[in-house]
Amino acid sequence: MPAQSQNIYDQVWNPREYLRQYYSKDYIPDDEEAIYQRLIPCLKRKGRRFTRALDFGCGPTVHLLTPLVPWVEEIHAADYLPGNLLEIRKWLAAEADAQNWDLNIKRVLEIETRAEVNGEQLEARKQLLRSKVTTLKHCDVRQVHPLGDASVYDLVLSAYCVDAATDSKQEWRQLMRNLLALCADGGLAVIVTSRKSQHYKVGDKRFPYANVDEEDLAAALMTSGFDPDSAQIEAIQIKDWAAEGFDSIVIAIAEKR
Ligand SMILES: C[S@@+](CC[C@H](N)C(=O)[O-])C[C@H]1O[C@@H](n2cnc3c(N)ncnc32)[C@H](O)[C@@H]1O
C-alpha cells in the first residue's frame with residue numbers, strides 16, 4: 001500500500017478548535033437536525049439489527065453514533081487523525097475536559113421518543129453508547145483499504161469526510177469507491193456531504209470541499225453497487241454554516257445489493 005503524503009489535516013487541524021466552532025452552540029444547528037430527522041425515522045422504519053456499524057471520518061465527534069445505538073450491537077469509529085480519536089477516547093472515559101455531547105444526545109432521544117427527555121434517560125443513553133463503542137481505528141480514505149485491513153460493516157456512516165479530504169471531484173470519485181467498499185453486501189450506507197462548496201472554514205483556516213452535489217453522490221453509490229431503488233438522496237438548504245463556506249448539504253441513505 002503506497003504511503004500517502006501529508007496534507008492540510010496533518011499540518012493545521014485542531015480538534016478543539018473544530019469542536020468549539022461547529023459543536024458548541026446552545027442549539028442544534030440545522031444540518032445536524034436535518035441528519036437526525038432523516039436517519040432516526042429511517043432506522044426505525046427498517047427495524048433491522050446491525051452487527052457492526054462504522055462511523056468513518058468521525059473527527060472528534062460522537063453525535064452521529066447516538067442514533068445508531070438502539071439498532072447496532074457494536075460501533076467502531078475511525079478517523080485519519082489521532083488527535084480526533086483522542087477527543088472521542090476522552091468522552092468515552094467521561095474525562096472532565098471531554099466535549100459535552102448532552103444537547104445532541106438529548107435531541108436524538110427527543111426525536112426517537114417524540115417526548116420530553118429526562119436526565120435519567122440521557123444518562124442511560126450515554127452509558128449504552130459508551131458500552132457499544134468498542135474500537136477506535138486509524139483510517140485513510142486515500143488507501144484502497146482505508147482501514148488497513150479487510151473488515152467490512154453492515155452499516156457505514158460517514159459525514160463531511162470524503163468531500164473534506166480533497167478539492168478534486170475526480171479524486172473524490174475514487175475515494176468514494178474506497179469508502180463504499182467498506183460496506184458489506186446487503187449493508188446500509190449513510191453519507192452526508194457538503195453541497196456545491198469548495199471549502200469550509202475552521203477559524204480563519206480553510207479546508208477543502210470537493211464541490212459535489214446529489215447527482216455526484218447518486219452516481220458514486222451506483223458505481224459501488226448500491227441499489228437505486230433503495231436510495232434516499234436529498235439536497236437540503238441550510239443556514240447555519242453559510243459564513244463557514246457551505247449553505248447546502250446532501251444526505252444519502254442506500255442499501256448495497
Ligand atoms: C469536516 S471533518 C468531519 C468530522 C465529523 N464526521 C463531523 O461530522 O463533524 C473532516 C474529517 O475528515 C478527516 N479526514 C481528512 N482526511 C482524511 C483521509 N484522508 N482519510 C480519512 N479521513 C480524513 C479529518 O480528520 C476530519 O476528522
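This is a predicted model: local features need pLDDT of at least 70, side-chain atom pairs count only at pLDDT 80 or more; totals for chains, interfaces and linings use all residues.
## Strand β5 and its partners

Strand β5 pairs with strand β9 (residues 248-255) through seven bridges, and the two run antiparallel. Here strands are DSSP runs of E with at least two residues, helices are runs of H or I with at least four residues, and both are numbered from the N terminus. Two strands count as paired when DSSP finds at least two bridges between them. Residue numbers start from 1 along each chain, following the sequence as written.

β5 also has a parallel partner: six bridges tie it to strand β4 (residues 153-159). To get from β4 to β5 the chain passes through helix α7 (residues 169-180), making a right-handed β-α-β crossover. Right-handed means that, with the strands pointing away from the viewer, the path from the first strand over the helix to the second runs clockwise. How enclosed is strand β5? Nine of the twelve residues in β5 (residues 183-194) are buried, so the strand is largely enclosed by the rest of the structure. For burial, the count is of other C-beta atoms within 10 Å of a residue's own, with C-beta atoms placed from the backbone: 20 or more is buried, 12 or fewer is exposed, and in between is partly exposed.

## Strand β2 and residue F56

Strand β2 (residues 72-79) is mostly covered too, with six of its eight residues buried. On one side, strand β1 (residues 50-56) joins β2 in the parallel sense over six bridges. β2 is also linked to strand β3 (residues 133-138) by five bridges, again running parallel. In that pairing, D79 has H138 as its bridge partner in β3.

F56 belongs to strand β1 and faces A78 in β2. With 28 other C-beta atoms within 10 Å, F56 is buried. Beyond its neighbours within four places in sequence, F56 contacts A78, C139, V156, S158, C161, L179 and L182, a contact being two C-beta atoms, placed from the backbone, within 7 Å. F56 and L182 are 126 residues apart in sequence, yet their C-alpha atoms are 9.5 Å apart in space.

Most residues other than glycine have a negative phi. Which loop holds Y160? Y160 lies between β4 and α7, and its phi is positive, near 50°. Y160 is buried, because 21 other C-beta atoms lie within 10 Å.

N211 is another non-glycine residue with a positive phi, about 60°. N211 is found in the loop between β7 (205-208) and α8 (214-223). Having 18 C-beta neighbours inside 10 Å, N211 counts as partly exposed.

## I236 in strand β8

I236 is part of strand β8 (residues 232-237). I236 is partly exposed, with 17 other C-beta atoms within 10 Å. Setting aside residues up to four places away in sequence, I236 touches A34, S248, I249 and I251. The C-alpha atoms of I236 and E214 are 9.8 Å apart, with the two residues 22 places apart along the chain.

## Around the ligand

The ligand is surrounded by 18 residues, the closest being G59, Y80, V141, A159 and A165.

## The overall picture

In total, the protein has eight helices and nine strands. Its radius of gyration is 17 Å, close to the 18 Å that the globule rule gives for 257 residues, so the protein is as compact as a globular protein of that length. The radius is taken over C-alpha atoms, and the rule is 2.2 Å times the number of residues to the power 0.38.

Along the principal axes, the C-alpha atoms fill a box of roughly 50 × 40 × 35 Å. Of the 257 residues, 42% count as buried. Among contacts between residues at least 6 apart in sequence, 71% join residues at least 24 apart.

Note on methods. A residue is near a molecule or strand if its C-beta atom, placed from the backbone, lies within 6 Å of it.
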